[in-house]
Amino acid sequence: GSLLFFASNQPDGLGGWDIYVCRRTANGWSTPANLGAPLNTPGNEITPYLDGNNLYFSSDHHRGMGGMDVFRADYTNQTIGNIY
C-alpha cells in the first residue's frame, strides 16, 4: 500500500504513545504525521491496523473496559471520524 501506520513515543506527541502515518510518494516516504485528536490522547495509542476504511488500535485512555482495549475509528479521505 501507500500508507504506513505506526505507534511511537517520540517527543511532541499528545501522550505516551501516539499513532502516526507516512504516505508513499514518488520520492519515497513522507515525514511522519501525527493523526492527532480525537484518536491520540494523553494516554497510549498503539498497534494500528487499517482494514479498508477502519483503523483499529489499542488505547488505555479511550473509554473502555480498562487496560489496552481495542477500538475502531472511521478513516476516510485521510481523516479520522467516529471512534467506537
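I began with R72, which is partly exposed at a relative accessible area of 27%, where partly exposed lies between buried (under 20% relative accessible area) and exposed (over 50%), taken with a 1.4 Å probe on protein chains only. I kept in mind that this is a predicted model, in which local features need pLDDT of at least 70 and side-chain atom pairs count only at pLDDT 80 or more, while totals for chains, interfaces and linings use all residues. Residues are numbered from 1 along each chain as its sequence is written, and side-chain values use heavy atoms, with hydrogens and water left out.

I then looked for the partner of R72 and found that its side chain meets that of D74 in a salt bridge at 3.4 Å, N to O, the term requiring a side-chain nitrogen of Lys or Arg within 4 Å of a carboxyl oxygen of Asp or Glu. D74 is partly exposed too, with a relative accessible area of 21%, and my search of the whole structure gave 1 salt bridge.

Next I turned to T41, which I placed in the loop between β4 (33-34) and β5 (45-51); strands here are DSSP runs of E, at least two residues long, numbered from the N terminus. T41 counts as buried because its relative accessibility is 8%. Leaving aside neighbours within four places in sequence, I listed its contacts (heavy atoms within 4.5 Å) as L14, G15, D18, H61 and H62. The side chain of T41 also makes a polar contact with the side chain of E45 at 2.7 Å, meaning a pair of N or O atoms within 3.5 Å, one able to donate a hydrogen and the other to accept it, with residues adjacent in sequence counted only if both atoms are side-chain atoms. I noted a polar atom of the T41 side chain 3.0 Å from the backbone nitrogen of G43.

For the sheet, I traced an open arrangement of 4 strands in the order β5-β6-β7-β8, paired antiparallel, where pairing needs at least two DSSP bridges between two strands. β5 and β8 (79-83) stand at the edges with a single partner strand each, so one side of each is left without a neighbour in the sheet. Between β5 and β6 I recorded 5 bridges, and the bridge partner of L50 in β6 is L55.

Lastly I checked F5, whose contacts beyond four places in sequence include P48, L50 and L55.
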